[in-house]
Amino acid sequence: MSLNRIINSKSFDIGKSLLAFNLRYNGKFVPHPPQYRCFRTQARSLAYAKDLFLGQINKAEVFPYPEIGNEELEELNQFVAPVEKFFNENVDSKKIDEDAKIPAETLDGLKELGLFGMQVPEEYGGLGLSNTMYARLGEITALDGSIAVTLAAHQAIGLKGILIAGTEAQKEKYLPKLASGEHVAAFCLTEPGSGSDAASVTTRATLSEDGTHYLLNGSKMWISNGGFADIMTVFAKTEVVDQEGVKKDKMTAFLVERAFGGITSGLPEDKMGIRGSNTCEVVYDNVPVPLENVIGEVGGGFKVAMNILNSGRFSMGSSGAGMMKKLIEMTAEYATTRKQFNKKLSEFGMIQEKFALMATNAFVMESMAYLTAGMMDRPGVPDCSLEAAIVKVFSSEGSWICVSEALQVLGGLGFTKNYAYERYLRDCRILLIFEGTNEILRMYIALTGMQYAGKILTGKIKEMKRGNLGMAVGMMGQKLRSSFGGTKDYGLTGKDGLVHPSLADSALKLEQNVYLFGSAVESVLYRYGKSIVDEQLVLKRVADVIINLFAMTAVLSRASRSISIGLRNHDHEVLLANTFCAEAFFKNNYMMTQLQKHAPENNDASIKKIAEQILEKRAYVCAHPLDRTF
Amino acid sequence: MSGRVLVGVKRVIDYAVKIRVKPDHSGVVTEGVKHSMNPFCEIAVEEAVKMKEKKLIKEVVAVSCGPQQVQETIRTALAMGADRGIHVEVSAKEYESLGPLQVSKILAALAKKEEAQLIILGKQAIDGDCNQTGQMTAALLDWPQGTFASEVTLEGGHVKVVREIDGGLETIKINTPAVLTADLRLNTPRYATLPNIMKAKKKKIANVKPADLGVELASKLQVLRVDAPPQREAGVKVESVADLVAKLKEAGTI
């Protein structure tokens, strides 16, 4: 255990100095004297969330909370001012929602401000912002849902493929006009028959007779910016011959220009929310695509798609937080002036609870988003896909619930179009659906983690079988300890603890949860083996627990930093962190209890039976309560 | 003529923020409150940058007096198109008592040092509402002044200024070098776009101390107390004109 500490504290120091760098997006970093070089030959595979599945806390990855340099922070604050001003003065969200269109002048203003090329490197005409800075600006663009989605569809996914997998030639050709907004991009993966099951696309790209270009045929659905995008990243099946000479259909990513011809866009969909964002069908009829427009490798499209989607997901945390902060202001203004029963609304317990919920959620969303962005901004190619998925699930559901509560505070007024609440509610609903539905992401989170844990555990079991006594004793000891309700000291609290003493209680709760989680994962894997893939209700609980664990980590890390450097109102942060951790602790314990074998708290079998019977008859099955049998 | 224009910019509490008076009534709460460039200063910067774009002048220099934070404001001016900045360092304590007289002494000294052809300022700052700095600066330099400008035209060695006055509009012709103060309708300031903010990072901001300019910052004014305006009282409805007259007589107004 003490050896562990030494190693951890060394990586702590290296981590700390690495974090103090000024960073830019595309892996190039601006040297900041004094410079500490890390002599590693391969990129570190960041596994914070993954190691939680083994009951391990990789403190160095998340403590201390990521910081950006002073210069970068000043620049960021400079950026924030004109963008906020623009949104306050030039964006009429109500009109955009009513007309289901973003006015051309508004789009032009956004392009001039430079918001269409935030993450495009400076040499191609963009702003070259890091993930952290992008997340910060996302807090402001989130004030109008339609604009936020239009911008995200263009750069977070539309042109991201060129950034992460494009050749130098592709970048030089396409990025400058995309960064200035002269061309708008779109991401075309989903089809009428292929949504969550992305690998099942049927759009085909066949090589032409003379082998100089591909012919693209098929149709895509729900494409944001589909009506006017000039450049599209399209995913289609291509015939690939593998090493054994077998012909297979594999997905490939293509850079398609509307100017190639043969592309028709359907009418814009009439949506519940984000009505100003253009969403439509796009049909490809023998569109000629030159060979040099393949992004990445032929047949490597699925990986490109996943990498693109994983890289943009985390910003939903900061967008959600930005929106929540605005809503708290608006709602508080009302609650502190409106009186009923001769008391201000703000004096009633149930109203106060809503504000606490909104503040806590905003706090967690912010903490998680910037922790993940900070992790992603480290040098190398860190794999934060798990953490990003966690941020997305929590933020989408948190936003939906909190907007609903904010609307409730205003009662009838909140329900009218005179106020923005109903529009925010309608705009929020899509967050749980796009960018990977929350159901899919929960499966992804749980299965990725369990796969990782399974591999390590099978490795340990193999060692044991080979006669590694030390391993066997270690594992038995662990099992005994956990069955007696013991816990492990992860080094978060105490003399050398990484967490500030005022958060010690919450840190202990986190440690307890993580330890229990490790053994819960182990027993679930043991019980189900490979068939765990089909046990969605079990996986859902696993995912929910780890989401809470990451959230607890993020708030503890952030609050510790705030106290240590003496940020304004850090006592309030401690309060928020402790309150959230206390609630999450009990929820986690309950869910982990439900995961135990034959747990009476687990209703899964009954739930499945009910669903079976209803879906068999495709209707509600019960006889009417007023029916008689005689 | 040097073709150099000096523009003064002030960092003030943002116009949209609700102002709160400090509990000890010594001033208003500024900590943690959003600050931005004084709106009239933005108009002044915009006018100077426009003149440069029309090639009527050669260089726009943005000046601000105050503690470290005012550099943000100078950077915004640079992002709008100013060529370089001058930060006159004033400690936070001295800044509390810094008023139009001190600032105009500083600006006058700088104008002589930089051989400025024009000084453009906002007509007033939205925190002090003094409306004195432009006029005092002109007087100290013995330069002509075109205040409350809603239209400015540079012609050779003169400036034609259309001023907004109580009775309407007044057009005057003054010689350069001169001091102009910008009024609301002079122009619509541009947004500092993010690419321009990044370009502005490369522009220089020089640091100067008031002592270097030979200016004494001591003020003869002392703020005794700051109070919030009284809450608006409810009105009274009257039934007839006779009632109204009676009530007015009661209040002693007629």
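A salt bridge here is a side-chain nitrogen of Lys or Arg within 4 Å of a carboxyl oxygen of Asp or Glu. I looked for this across the two chains and found Glu75(A) paired with Lys201(B), their closest N and O atoms 3.1 Å apart. The count between chain A and chain B is 3 salt bridges.

Conventions. I am reading a predicted model, in which local features need pLDDT of at least 70, side-chain atom pairs count only at pLDDT 80 or more, and totals for chains, interfaces and linings use all residues. Residues are numbered from 1 along each chain as its sequence is written, chains are lettered from A and ligands numbered from 1 in the order in which they are written, and side-chain values use heavy atoms, with hydrogens and water left out.

Interface. I looked up the contacts (heavy atoms within 4.5 Å) and found 19 residues of chain A touching 16 residues of chain B. I then took the buried area, the accessible area (1.4 Å probe) that two parts lose on being put together, summed over both. Between chain A and chain B this is about 1,600 Å², with 59% given by carbon and sulfur atoms. On the chain A side, Gln78(A), Lys85(A) and Leu113(A) lose the most area to chain B, together 31% of what that side buries.

I also looked for polar contacts, meaning pairs of N or O atoms within 3.5 Å; within protein, one must be able to donate a hydrogen and the other to accept it, and residues adjacent in sequence count only if both atoms are side-chain atoms. The rule finds 8 such residue pairs across the interface, both residues at pLDDT 80 or more. Two elements of chain A, α4 (70-90) and α6 (104-113), each give two or more residues to the side that touches chain B. Helices are DSSP runs (H or I, at least four residues) and strands likewise (E, at least two), numbered from the N terminus. The largest share of that side, 10 residues, comes from α4(A).

Helix pair. I checked how α4(A) and α6(A) pack: the angle is about 175° and the axes are 11 Å apart. That makes the two roughly antiparallel, a label for angles over 145 degrees. Axes are lines fitted to C-alpha atoms, for helices over the stretch in contact, and angles run from 0 to 180 degrees between N-to-C directions.

Backbone. I found a cis peptide bond joining Phe63(A) and Pro64(A), omega about -5°. Pro64(A) sits in the loop between α3 (59-62) and α4 of chain A.

Terms used:
Angles under 35 degrees count as roughly parallel, over 145 as roughly antiparallel, 65 to 115 as roughly perpendicular and the rest as oblique.
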